[in-house]
Amino acid sequence: MNLITATGLIAADQLDMELVERKGAGHPDTLADGVAEAISRAYSAYCLQHFGAILHHNTDKTALLGGAAEVTFGHGHLTDPIVALVNGRLTPALGAHAIPVEQIIATATTDFLTGALPMLNADTDLVIRSRMSQASSPGAVAGPTADQRAGRRFWFAPRSLDDLPELARMFANDTSAGVGYAPFGVAERLALEIESSLTSPEFTSTHPWFGTDVKLMIVRTGARLHLTACVPQIAAHTPDLDTYVAHRTQAKEVVTDLAAGLAPGHRVRVSVNTRDDDKRRELYLTAIGSSIESGDEGVVGRGNRANGLISMLRPMSMEGVSGKNSVYHVGKLYNLAAQKVAMRLHEETGRTYAVALVSQSGRDLEDPWQVLVQASGEEWLDPALTRKTVTTVMNDLDDIRSALLAGELPTA
């Protein structure tokens, strides 16, 4: 690796301003990320069980098309279904062993969406369509060669595990970059904690009238925090306008209390459902708790970054992490690894770090082409510590893979 270090980064607790968004568990973009990752995880589990290795795949071009719904106080139902468009590439077989790709897609998609949206009726409110390609990326040139090994000709049609080149040498699939930083700022911590609290099973079980398509936008200037929250209500648990207004007030109080506890010493102003027009009855009232039920769409990579945030004044990668193969896709692994490096360096030194890992297609996966590390303060960076931390994380990519396959490491 070529290690480049710099100082002068502003420490997280000294940032003059923050602009942070988080799309909640039930937001269409977060749902699309979740579907793509669930399919990749289920497909990987099947491959490991039957073959001992994960075959080539990616589902990171998945999208959800919103349905249509009719809601009134006390009742809501979908009039048109949500459509899951699962796009990507899944190896359909290893030699003569056919993989039940369509069944894996259907089961993983249904299980994830009904888990995320408990009021969704999968039999009537969900349609799943998949378009899987088996074409390899550019690189397979027709005609005889001196070396008759598989190459890209059998990338998605392997005759045996011998046709998976990564089993012989793990290499980067793309020229890309992953970024991470630590620690989080006040607004970032608020966005993560408040959204996770409002969409947690513990909260929704005691507040069943709130849906999970919660969206937060937080602006911090100095010690002033301005927070706008969009919090849906579920029609079946909202019998009239007075109840809706009371629930909206409750949501504001909950968010305000959470913010006060998480950001002591800050002046907090909270707004909830600012588009509501009570007189016209234009309200964030839903059938199943998400705008995916009524025309909104969700696409992988349009929502939260790999750290769960959309933090507009921080380093950011535009990679859609969810649904990428956890074996060698740098768009996934390098973003998660960069975050891990930044966190470890911060824990070791107490300074704020921003880390970028840059790959070259075909280069050894564990050996980034360029590593850029910037830290707060003017004190010299210890290159030995920095290099050791990066090397340790890159040599332990299996830890990241295991957490991903176990569903223990979020990707959005």
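The model is predicted: local features need pLDDT of at least 70, side-chain atom pairs count only at pLDDT 80 or more, and totals for chains, interfaces and linings use all residues. Residues are numbered from 1 along each chain as its sequence is written, and side-chain values use heavy atoms, with hydrogens and water left out.

**Overall build**

- The protein chain holds 9 helices and 20 strands. Helices (H or I, at least four residues) and strands (E, at least two) are DSSP runs, numbered from the N terminus.
- The radius of gyration is 23 Å, close to the 22 Å that the globule rule gives for 412 residues, so the chain is as compact as a globular protein of that length. The radius is taken over C-alpha atoms, and the rule is 2.2 Å times the number of residues to the power 0.38.
- Along the principal axes, the C-alpha atoms fill a box of roughly 75 × 60 × 30 Å.

**The four-stranded sheet**

- An open sheet of 4 strands runs in the order β1-β20-β19-β11, with mixed pairing. Two strands pair if DSSP finds at least two bridges between them.
- β1 (2–9) and β11 (177–182) are the edge strands, and each pairs on one side only.
- From one strand to the next, the twist averages 15°. Axes are lines fitted to C-alpha atoms, for helices over the stretch in contact, and angles run from 0 to 180 degrees between N-to-C directions.
- β1 pairs with β20 (residues 370–376) in the parallel sense, over 6 bridges. Asn2 stands opposite Gln370 in β20.
- Helix α7 (residues 330–349) packs on this sheet and touches β11, β19 (353–358) and β20. The direction of α7 makes about 30° with that of β11. Contact means heavy atoms within 4.5 Å.
- Helix α8 (residues 383–395) also packs on the sheet, touching β1, β19 and β20. The direction of α8 makes about 120° with that of β1.

**The five-stranded sheet**

- Another open sheet has 5 strands in the order β15-β13-β12-β2-β18, and its pairing is mixed.
- Its edge strands are β15 (267–272) and β18 (310–311), each pairing on one side only.
- β12 (residues 215–221) and β13 (residues 224–230) pair in the antiparallel sense over 7 bridges. Leu216 has Ala229 in β13 as its bridge partner.
- Helix α4 (residues 186–198) packs on this sheet, touching β2 (17–23), β12, β13 and β18. The direction of α4 makes about 20° with that of β2.

**Cavities**

- Rolling a probe the size of a water molecule over the atoms shows where empty space is left.
- On a 1 Å grid over the protein atoms alone, a cavity is a set of points where a 1.4 Å probe fits but cannot get out; a pocket is an open set with protein on both sides within 12 Å along at least five of seven lines; lining residues have an atom within 4 Å of a point.
- Grid points are joined across faces, edges and corners, and a volume is the space filled by probe spheres set on the points.
- The whole structure has 2 cavities of 30 Å³ or more.
- The largest cavity has a volume of about 50 Å³. Its lining includes Asp33, Arg305, Glu319 and Thr411.
- That lining divides into 3 nonpolar, 5 polar and 3 charged residues. Ala, Val, Leu, Ile, Met, Phe, Trp, Tyr, Cys and Pro count as nonpolar, Asp, Glu, Lys and Arg as charged, and the others, Gly among them, as polar.
- The second largest cavity holds about 30 Å³ of space. α1 (28–51) and α9 (397–405) each supply at least two residues of its lining. α1 gives the most, with 4 residues.
- Among the residues lining the second largest cavity are Glu37, Arg41, Lys332 and Leu404. The lining comprises 2 nonpolar, 3 polar and 3 charged residues.

**The second largest pocket**

- This pocket has a volume of about 780 Å³.
- It is lined by 24 residues, and the closest to its centre are Arg275, Asp276, Leu283, Tyr284 and Leu285.
- β5 (68–72), β13 and β16 (285–286) give two or more residues each to the lining. The largest share, 4 residues, comes from β5.
- The lining residues divide into 7 nonpolar, 8 polar and 9 charged.

**Local backbone features**

- The peptide bond from Ala182 to Pro183 is cis, with omega near 0°. Pro183 sits in the loop between β11 and α4.
- Asn273 has phi near 50°, a positive value in a residue other than glycine. Asn273 lies in the loop between β15 and β16.
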